[in-house]
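Please open the model in your viewer and keep a selection panel to hand.

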Amino acid sequence: MSDDVKVRPSARVVLLDEDDRVLMFKIHDPAAARGPNPITADFWLLVGGGVEPGETYEQAARREVFEETGIRDVSIGRCVWTQEKLVAGTAGEPWLVTARFFVARVPARSVVDFGSHEPLEASTIEGYHWFSHQEILEREGRETFLPPGLGRLLGDVLNGVREGPVSLTDAAEVEGASSDA
């Protein structure tokens, strides 16, 4: 890996209620349209964030659910997906995000509270929605959901199609993170 690329471990959560609806945040972030793997500035994102020093991915997943939603009553389950992706940081610097995605369950009608958001999160999150699997499938053609292909991936999770984690890494998305030596 190139010395100028920082690594950011990340825990993301497929946060499902009792009706199998997944919580997603509506993000507006013009910085997402820049960098090595640009996307649209407006997109839907799963709950989650960085793993802090000394924390496991699972611990980070639980903490992020509470910090981003205010929900304490959560059951963190298995890791279903992994992903490495080169992105641009807030100052344009390259970061290699190494993410693990966990399935978690919360009671139906869990109240979402944005009170604990960090300033950067608060400035980019425009709202949230509890999506059914069908809603995601219907809207994927018009809107950006992360990770890409979420409708199919979520269907696999809900139907128990795979046991172990599936890699979502696209080699083209991490190109340049490895040294040429």
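A nonpolar core is a set of buried Ala, Val, Leu, Ile, Met, Phe, Trp, Tyr and Cys residues joined through side-chain atoms within 4.5 Å, where buried means under 20% relative accessible area, with a 1.4 Å probe and protein chains only. This is a predicted model, in which local features need pLDDT of at least 70 and side-chain atom pairs count only at pLDDT 80 or more, while totals for chains, interfaces and linings use all residues. Residues are numbered from 1 along each chain as its sequence is written, and side-chain values use heavy atoms, with hydrogens and water left out.

Begin by selecting Val 13, Leu 15, Val 47, Val 65, Ile 71, Val 74 and Trp 130, the residues with the most contacts inside the largest nonpolar core, which has 26 residues. Two or more residues of this core come from each of β1 (6–16), β2, β3, α1, β4, β5 and β6 (125–131), the elements being DSSP runs numbered from the N terminus (helices H or I, at least four residues; strands E, at least two). The largest share, four residues, is that of α1. Apart from this core lies another, of 20 residues, and Leu 16, Phe 101, Phe 131 and Leu 153 are among them.

Next, centre on Val 13, which, leaving aside neighbours within four places in sequence, is in contact (heavy atoms within 4.5 Å) with Leu 46, Val 47, Ala 61, Val 65, Phe 102 and Ala 104.

Now show α1, whose buried residues are Tyr 57, Ala 60, Ala 61, Arg 63, Glu 64, Val 65, Glu 68 and Thr 69. Just after α1, Gly 70 takes a positive phi of about 80°.

A pocket is, on a 1 Å grid over the protein atoms alone, an open set of points with protein on both sides within 12 Å along at least five of seven lines, whereas a cavity is a set where a 1.4 Å probe fits but cannot get out; lining residues have an atom within 4 Å of a point. The largest share of the pocket lining, six residues, comes from β3.

Finally, select Arg 78, Val 80, Trp 81, Leu 153, Asp 156, Val 157, Val 161, Arg 162, Gly 164 and Val 166, which line the largest cavity. β4 (75–88) and α4 (150–158) each supply at least two residues of that lining.

Definitions and conventions
Buried means under 20% relative accessible area, exposed over 50%, partly exposed in between (1.4 Å probe, protein chains only).
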